[in-house]
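Here is a quick tour for anyone meeting this structure for the first time. Take a look at it, then read on.

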Amino acid sequence: MVIGLNHYLILAALLFTIGVVGVLTRRNVLIIMMSVELMLNSANLTLIAFSHYLLNAVGQVFVFFSMTVAAAEVGIGLAIIVTIFRNTESLDIAKLNLLKN
Amino acid sequence: MFDNLIAGMHVGRVLPEILVVVVAFAAILIDIIMPRGRSTRGVQVVSVLGLLMVIAASFFQRGDTGQAFSGMVMIDNYTTFFRILLSAITLLIIGVSERYIEITRIRIAEYYLMLLFALFGMLLMTMGQDLLIIFLGIETMSVSLYALVGMTRHKHASNEGALKYFLLGAFTTGFFLYGIALVFGVTGSTNIVDITVFLKSAGSETPIIAWAGAGLIMIAFAFKAALVPFHWWSPDAYEGAPTTITAFMSTAPKAAAFAAFLRVFYVAFGSMSDGWTMVLWWIAVVSMTFGNLLALRQDSVKRMLAFSSITHAGYLVVAFLTFGQQGASAILFYLVVYGIMNIGAFLVAIAVNRNEDDDKGYHFDDYKGLVYRRPGMAIAMLVFMLSLAGIPPTAGFFGKYYIFSSAVSAGFVGLAVIGVLNSAVSVYYYLRLIVNMFLTERDEETEGRIFWTGEMAQVVLICVILVLLIGLFPDTLLNAARASVAALL
C-alpha cells in the first residue's frame, strides 16, 4: 500500500480529535496541556503533508513559526501552573472553582 | 540585489510597530538600570511618551499606504484607524497604572512590557494580510494577556482566571492553526489576496475542506471576541485580572479581534458569505441574550461589566453579518465608542473599590449615595452608564443606532428587533447602578476610602468629554470609519 496525502490527513484529523476530547474530558491541568499540544501538532502535520504534496514550502515555514508559538505558550502556561500550585497545592481543574457564580 | 530586496520590504511603512517594540525594550532596560523601587516612574514616563510617539507616527503616516514585506502586511486607512485606536487605549490604561500596580502589589516593570507586547500583537492582527501574520499577532497578544491576567500572583482569583484563560486560549489556538492548515491545503496559499482569488474562482464549487477551515477560523475569532458559546473564559478572566487589565482586555483585544475577523471574512472568505452569515446570525442572537441574562444576575459591578461586554460583542456581530460597507463602518464606530465608555466605567469602579486586595468593593451596594460623596465621579459614571445603555445624547446611542440601521437596511429586520429588545433589557442593570448612586441614601458604616489619583481623574475626564462630543457630533468619527472601511471592501 502506498502512503498518500489522504493517510496523513486522516491521521492528523484523528490526532486532532483525540486532542479535543482530551481537553474536554480530562481534569488534570498537565494532561490538558498535553492534549493541546497534540492538537497543535496534528495541525502541523496537516500543514507539512499539504506542503509536500502541493510542492509549496509555505506550509513548512508556517510550522516553524507555530512550533515557536507553542513553545512560548508552554512557557507561560507552566509559569501560571507553578503559581497556582503554590497557592492551592492542587492541579485538579475541578477544585478551581473560586470564580464560579 | 540586496538593496532591491530591502526596498521591496518598505520597512518605513511599519514604523509605528517598530516603535512599539523599541519602547518595550527601552522600558525593560530602564527597569534594569534604575534602582529598585524607583524604576516604575521611569518606565511609566518612557511608555507614555513612546505611545504618544506611536500615535503621532501612525497619524503622519496615514498617506503612505500599500503592502510591505512582500505582501505579508497591508498598510491602508483601515490599519491606520486601528493603529490609533489600539495605541490610544493602551496609552489610557498605562497612564493610570503607576499607582494602581503599587496598591495591588504588582510593582514590576513586566506589567508595562506585557502591555506593550500585547499592543504589538494587536497591531500585527490589524495589518496582517497573511494568515501567518494574523496567527502570530493573535499569539503575541494572547501570551502577553495570559501573563497580565495572572500578574497579581498572591491572589487566588487572579491565578485561576489566568489558568482558565490560558487553557481555553491554547485550545482555540489549535482550532485556528488547524483551520489555517485546511485552508492552505485547498488554496495552496496563506496569503489573503491569493485565497480570495482562489475562492472567488471556485464559486459554488468551494471544496468542503475550505468550509471546514473557515469554520474553525471563525471559532477562533469568536473565542477571542468572547462570543457565546465561546465565552466561558471571559467572566472568570475578567474578574480575576487586575482591573486596569480587565478594562484593557474588554476593549483593545476585542477591537483587534474584530479587525482581523473583518479582514479575513470580508476579504478572504467573502465569496462564502452566504454560509457564514447564517451561523453568525445565531451567534449574534445568543451572545446578546445570554450576555444580558447573565449580567442581570450579577451583584458585582466588575462582573456585570464583564458579562455586558459579551452583549456588546453580540451587537457588533449584528453589524458584521450585514457584509457591507455600512455595517463595517458601524463596527469601527462602535469599537471606538465602546472602548472609551468601558474604560471610563472601569476606572470609576477601581476608584470605588475600597481594597484592591479583596475585591469586595465592586458590589452594587458600594455605590449607594456616591453622588453625595463624590459628585463628579457619580456624574461621570452616569454618563458612561447612559452611553452603555445607548441613551441619547451620548455616543453609545449613535453606536447602536448605526449598528441596527445597518442591519435593517441589509434586510435583517428580525435581528435588529431582537437587538433593540436586548438593548432595552440591558437598561435595567445600568439603571440599577444609577439609582444606587443618585437616589439612595449613603451608608457611612460600610463605605470605604476612595482610591483616586490625578491621572485617573484626567483619563475619566477625557472619556466623559469624548463620549459627549461623539454623542453630539458623530459625523467626524463616522466619516473616518467610512474612509477606513473603503480600503477594505
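## A polar contact at a loop

The side chains of Gln298(B) and Arg303(B) are joined by a polar contact of 3.3 Å. This is a predicted model, so keep that in mind throughout. You'll find Gln298(B) in the loop that runs between helix H14 (273–296) and helix H15 (301–320) of chain B.

Together with Glu160(B), Lys164(B), Asp236(B) and Glu239(B), Arg303(B) is part of a network of salt bridges.

## Salt bridges

Side chains of opposite charge can pair when their charged atoms come close. How many salt bridges does a search of the whole structure find? Over all chains, the search turns up eleven salt bridges.

One of them joins the side chains of Asp299(B) and Arg432(B), at 3.1 Å from N to O. Asp299(B) sits in the loop between H14 and H15 of chain B, while Arg432(B) belongs to helix H20 of chain B, so this pair ties together parts that are 133 residues apart in sequence. Asp299(B) counts as partly exposed, at 38% relative accessibility. Arg432(B) is partly exposed as well, with a relative accessible area of 23%.

Another salt bridge stays inside a helix. Arg99(B) pairs with Glu102(B), and their closest N and O atoms are 3.8 Å apart. Both residues lie in helix H5 (residues 97–103) of chain B, three residues apart, which is about one turn of the helix. Arg99(B) is partly exposed, with a relative accessible area of 37%, and Glu102(B) is partly exposed at 38%.

Then there's the pair of Lys368(B) and Asp365(B), whose side chains meet in a salt bridge of 3.9 Å, N to O. Lys368(B) is partly exposed, with a relative accessible area of 26%. Asp365(B), at 40% relative accessibility, is partly exposed too.

## Aromatic rings

Now for the rings. A pair of aromatic rings is described by the distance of the centres and the angle of the planes. A search of the whole structure finds 39 aromatic pairs over all chains. Take Tyr78(B) and Phe82(B): their ring centres are 5.1 Å apart and their planes stand at 75°, so the pair is edge-to-face. These two are four residues apart in helix H4 (residues 77–95) of chain B, so about one helical turn separates them. Tyr78(B) is buried, with a relative accessible area of 0%, and Phe82(B) is buried with a value of 0%.

Phe223(B) and Trp233(B) make a tilted aromatic pair, 5.2 Å centre to centre with 35° between the planes. Phe223(B) lies in helix H10 (residues 208–224) and Trp233(B) in helix H11 (residues 233–240), both of chain B, so the pair ties together parts that are ten residues apart in sequence. Phe223(B) and Trp233(B) are both buried.

There's also an aromatic cluster, whose members include Phe62(A), Phe135(B), Phe176(B), Tyr266(B) and Trp276(B).

## A covered helix

Helix H8 (residues 156–187) of chain B has 32 residues. From its first C-alpha to its last, H8(B) reaches 46 Å, close to the 46 Å expected at 1.5 Å a residue. How many of its residues are buried? The count is 31 of 32, so H8(B) is mostly covered.

## Out at the surface

Leu461(B), Ile465(B), Leu469(B), Leu472(B) and Phe473(B) make up a nonpolar surface patch of about 510 Å². Of these, Leu472(B) lies in helix H21 (residues 454–472) of chain B. With a relative accessible area of 53%, Leu472(B) is exposed.

Finally, have a look at Ala410(B), in the loop between helix H19 (395–409) and helix H20 (413–438) of chain B. Ala410(B) is partly exposed, with a relative accessible area of 39%. Between Ala410(B) and Phe166(B) there are 38 Å in space, C-alpha to C-alpha, and the two are 244 residues apart in sequence.

Key:
Residues numbered from 1 in each chain as written. Chains lettered and ligands numbered in written order. Predicted model: local features only at pLDDT ≥ 70, side-chain atom pairs only at ≥ 80, totals over all residues. Heavy atoms only, no water. Buried < 20%, exposed > 50% of the residue type's maximum accessible area, 1.4 Å probe, protein only. Expected span 1.5 Å × (residues − 1). Patch = residues over 30% accessible without salt bridge, like charges linked within 9 Å, V, L, I, M, F, W, Y side chains within 5 Å. Areas by Shrake-Rupley, 256 points an atom, 1.4 Å probe, with all protein chains shown as cover. Salt bridge = Lys/Arg side-chain N within 4 Å of Asp/Glu carboxyl O. Polar contact = N/O pair within 3.5 Å; in protein donor to acceptor, adjacent residues only side chain to side chain. Phe/Tyr/Trp six-rings, centres within 6.5 Å; stacked < 30°, edge-to-face > 60°.
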